[in-house]
Amino acid sequence: MKKFSGLKFPSGLVPDESASGSKYKYTVPVIQHVPTNTYMMDSTPLAQFLESTYPNLPVPLTSELGREIEAKARAVVGTAFSTSVMPREIGILSPRSQEYFRRTREASLGHRLEDLLDPDKEEQGWNAVSDGMRAVGELMRTHKADGPFVLGAQPSYTDFLLRAPSSVRGWWMRGCFRGMSSILA
């Protein structure tokens with residue numbers, strides 16, 4: 001049986017540069033692939049590792065369209081997302097991870113995480129990226145006639161990457177996705 005183990009940060013991992021271009025040296029998700037004792041972090045390299053390690057996965061993880069959508073979405077929403085999401089992320093972390101997250105993010109920002117929670121600034125941030133998000137939404141609908149997923153009838157890593165923040169993190173994310181969901185509709 002294939003076994004994976006989730007890790008909390010700080011985890012003892014050697015800091016690495018994030019494939020997403022993040023300025024933070026530790027990113028989530030993080031896994032330990034037990035059979036090879038490989039530790040990995042960040043969604044994109046994890047998907048690539050899993051696809052190369054297990055080539056017959058039932059869900060395709062990477063595609064040209066998916067990579068284009070992911071890159072454009074990250075470029076467009078970076079600032080708005082960090083203002084809306086980062087101060088709320090701490091609420092889903094373990095106490096040890098909360099301490100690390102707060103200490104490193106607040107040192108980088110130069111102020112408390114809670115200082116980011118200004119409804120007017122959040123709305124301005126989402127309004128500023130609305131045109132770019134509409135363009136990403138159009139890319140996401142490229143195969144709409146073939147099915148509800150980015151690649152049409154079959155889900156892919158990109159579907160999970162785009163949906164995870166609003167479903168996995170649930171209630172605390174709903175507020176910051178109101179503006180985004182109307183843009184992508």
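This is a predicted model: local features need pLDDT of at least 70, side-chain atom pairs count only at pLDDT 80 or more; totals for chains, interfaces and linings use all residues.
Visitor: How do the residues of the lining of the second largest pocket divide into nonpolar, polar and charged?

Guide: Residues are numbered from 1 along each chain, and side-chain values use heavy atoms, without hydrogens or water. Classes go by residue type (Ala, Val, Leu, Ile, Met, Phe, Trp, Tyr, Cys and Pro nonpolar; Asp, Glu, Lys and Arg charged; others polar). The lining has ten nonpolar, one polar and no charged.

Visitor: Which element gives the largest share of the lining of the second largest pocket?

Guide: The lining includes Ser 43, Leu 46, Ala 47 and Leu 50, as well as Tyr 157 and Phe 160. Two elements (DSSP helices of at least four residues, strands of at least two) give two or more residues: H1 and helix H6 (157-167). The largest share, four residues, comes from H1.

Visitor: What is the volume of the second largest pocket?

Guide: A pocket is an open set of 1 Å grid points with protein on both sides within 12 Å along at least five of seven lines; a cavity is a set where a 1.4 Å probe fits but cannot get out; lining residues have an atom within 4 Å of a point. Volume is the space filled by probe spheres on joined points. For the second largest pocket it is about 250 Å³.

Visitor: Which elements give two or more residues to the lining of the largest cavity?

Guide: The search finds one cavity of 30 Å³ or more. About 40 Å³ of space lies in the largest cavity. Its lining is Thr 44, Gln 48, Leu 61, Thr 62, Ser 63, Arg 67, Glu 70 and Tyr 157. The elements are helix H1 (43-53) and helix H2 (64-89).

Visitor: What pLDDT does the chain average?

Guide: Over residues 1-7 the pLDDT is below 50. Residues 17-21 are also below 50. Still, 73% of the residues score at least 70, and the chain average is 76.

Key. pLDDT is the predictor's confidence in each residue, from 0 to 100. Contact means heavy atoms within 4.5 Å.
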